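Reader: I would like a close look at one part of this model. Please take me through the cavity and what surrounds it.

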Amino acid sequence: MEEQLLESVWSFKTKTKIDFTKNQDKNAWLSNYISVCSVNTIEDFWRLWSNILGQKLNKQVEIQTTVHSFFKDDIEPAWEHAKNKNGCSIHFYINDAREFALVCSLMCIGNEFDVNGCTFDIKPKVNGVYKWKVSIWLPLVDSENIKKIKEYLKKYSKIDSDLIDSCRIDEHH
């Protein structure tokens, strides 16, 4: 059977969070990203999800100091990147990221919306519970695109509609 090509190549990267001193280059943190793999077919995506990403999002203790990113191959997960600097990020804070991350990742590769990528970041425990920050990165601040993304997430994820409506949006410029 012939593999089904995606419209774009997507890269999964991971980085360890580390503290930087004031004297370090402000972009030095980007060098901490490690490229895990790229996907350019639907079959590649499901291999990534089944063997790496889906498994990592289940192991909170192992990844407390890690950020995972899933972006178009030519875009870095940085606000300063040329394809992100005029855009925004939509942030969701949730208890369990696995299902929501899958919905967000499928939204990316489906090319139905103008999306540059997603990040999945575990936050420190509050009252004994980890919170995930799942962010969807857009190339432009476009209220219609944001509205359609929220509608998609309400339809396909198990996340409460109020949580989706109360998301935080940060402009990058």
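Author: The largest cavity has a volume of about 30 Å³. This is a predicted model, and the structure holds 1 cavity of 30 Å³ or more.

Start with the lining. S11, K13, S69, F71, K72, D73, I75 and P77 line the largest cavity. By class, that lining has 3 nonpolar, 2 polar and 3 charged residues. Strand β3 gives the largest share, 3 residues. Strands β1 (5-16) and β3 each supply at least two lining residues.

F71 sits in strand β3, which covers residues 66-72. Is F71 buried or exposed? F71 counts as buried because its relative accessibility is 1%, and the cut-off for buried is under 20%.

Next, the neighbours of F71. Leaving out residues up to four places away in sequence, F71 touches V9, W10, S11, E76, P77, N84, N116, G117, C118, T119 and W137.

Last, confidence. The chain averages a pLDDT of 86, and 84% of the residues score at least 70. Among the elements of the chain, helix α1 (residues 42-56) has the lowest mean pLDDT, 83. Helix α3 (residues 143-156) has the highest, 96.

Methods
Residues numbered from 1 in each chain as written. Predicted model: local features only at pLDDT ≥ 70, side-chain atom pairs only at ≥ 80, totals over all residues. Heavy atoms only, no water. Helix = DSSP H or I, 4+ residues; strand = E, 2+ residues; numbered from the N terminus. Buried < 20%, exposed > 50% of the residue type's maximum accessible area, 1.4 Å probe, protein only. Contact = heavy atoms within 4.5 Å. pLDDT = per-residue confidence, 0-100. 1 Å grid on protein atoms, 1.4 Å probe; cavity = no way out; pocket = protein on both sides within 12 Å on 5 of 7 lines; lining within 4 Å. Points joined across faces, edges and corners; volume = space filled by probe spheres on them. Nonpolar A, V, L, I, M, F, W, Y, C, P; charged D, E, K, R; others polar.
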